[in-house]
Amino acid sequence: MRRRAELLVIGALLAGCASVIPEAHRLGAERDPDFAEILARPDAAVGRRVILGGRILETRPLGPETEIEVLQHPLSVDDAPRDRAAAGGRFLILHPGFLDPAVYTPGRRVTVAGNLVAPRERRLGDQPYRFPVVAERHLHLWPLRYVDRPLLGIGFGFGINVGR
């Protein structure tokens, strides 16, 4: 009986750290790769399968696809972007099809699994900027509660919203 209780507790703890990216998309993917390296040489990174995350800066429907501009942040154990960690730079997510900019709004957190494809040149203010581009295979939009209220946790996957 005690052994069964121990296994239940261990299972519950491990489930709290489960990824939001399905296993099929995790296979062969580099989880949270060195983003500075990708940013410095986006052409050399083409073809790599990655899992990245961050905060949405802008969502642009472009006919047959939607382009999401993201400010990269390192991932936590459950693949959520750790927005209190230093941002690494910007990247684009290409989604095949339409995503509503009213849902994929600036400030929302996303995690994406996909392949790095040819970078895209854009202007950032007056400066040219080469964006690494992830062709999305799986996209996870984090719930708003992660955006607008800090969560005070007690270490076992339980917590309360504090603030507003």
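**Salt bridges and loop residues in a predicted model**

Glu 67 and Arg 120 form a salt bridge, with their closest N and O atoms 2.7 Å apart; a salt bridge here is a side-chain nitrogen of Lys or Arg within 4 Å of a carboxyl oxygen of Asp or Glu. The pair links distant parts of the chain, Glu 67 being in strand 3 and Arg 120 in strand 5 (residues 109-124), 53 residues apart. The model is predicted: local features need pLDDT of at least 70, side-chain atom pairs count only at pLDDT 80 or more, and totals for chains, interfaces and linings use all residues. Residues are numbered from 1 along each chain as its sequence is written, and side-chain values use heavy atoms, with hydrogens and water left out.

**Overall fold**
- The protein chain has four helices and eight strands, taken as DSSP runs (helices H or I, at least four residues; strands E, at least two) and numbered from the N terminus.
- Along the sequence the pattern is α-α-β-α-β-β-β-β-β-α-β-β.
- Of the 164 residues, 37% count as buried (buried is under 20% relative accessible area, exposed over 50%, partly exposed in between, with a 1.4 Å probe and protein chains only).
- Among contacts (heavy atoms within 4.5 Å) with a separation of 6 or more, 61% are between residues 24 or more positions apart.

**Salt bridges**
- The structure holds 14 salt bridges.
- Glu 67 is buried at 1% relative accessible area, whereas Arg 120 is partly exposed at 22%.
- One network, joined by salt bridges that share partners, takes in Glu 58, Arg 60, Glu 65, Glu 67, Glu 69, Arg 90, Arg 120 and Arg 122.
- Glu 58 pairs with Arg 60 in a salt bridge, the closest N and O atoms being 2.8 Å apart; Glu 58 is partly exposed at 36% and Arg 60 is buried at 17%.
- Arg 130 forms a salt bridge with Asp 43, with 2.7 Å between the closest N and O atoms.
- That pair connects strand 6 (residues 127-141), which holds Arg 130, to the loop between helix 3 and strand 2, which holds Asp 43, 87 residues apart.

**Loop residues**
- Arg 48 lies in the loop between helix 3 (35-40) and strand 2 (49-62).
- The side chains of Arg 48 and Glu 37 make a polar contact of 3.1 Å (a pair of N or O atoms within 3.5 Å; within protein, one must be able to donate a hydrogen and the other to accept it, and residues adjacent in sequence count only if both atoms are side-chain atoms).
- Asp 79, in the loop between strand 3 (65-72) and strand 4 (89-96), is buried at 0% relative accessible area.
- Beyond four places in sequence, the contacts of Asp 79 include Arg 26, Arg 31 and Trp 142.
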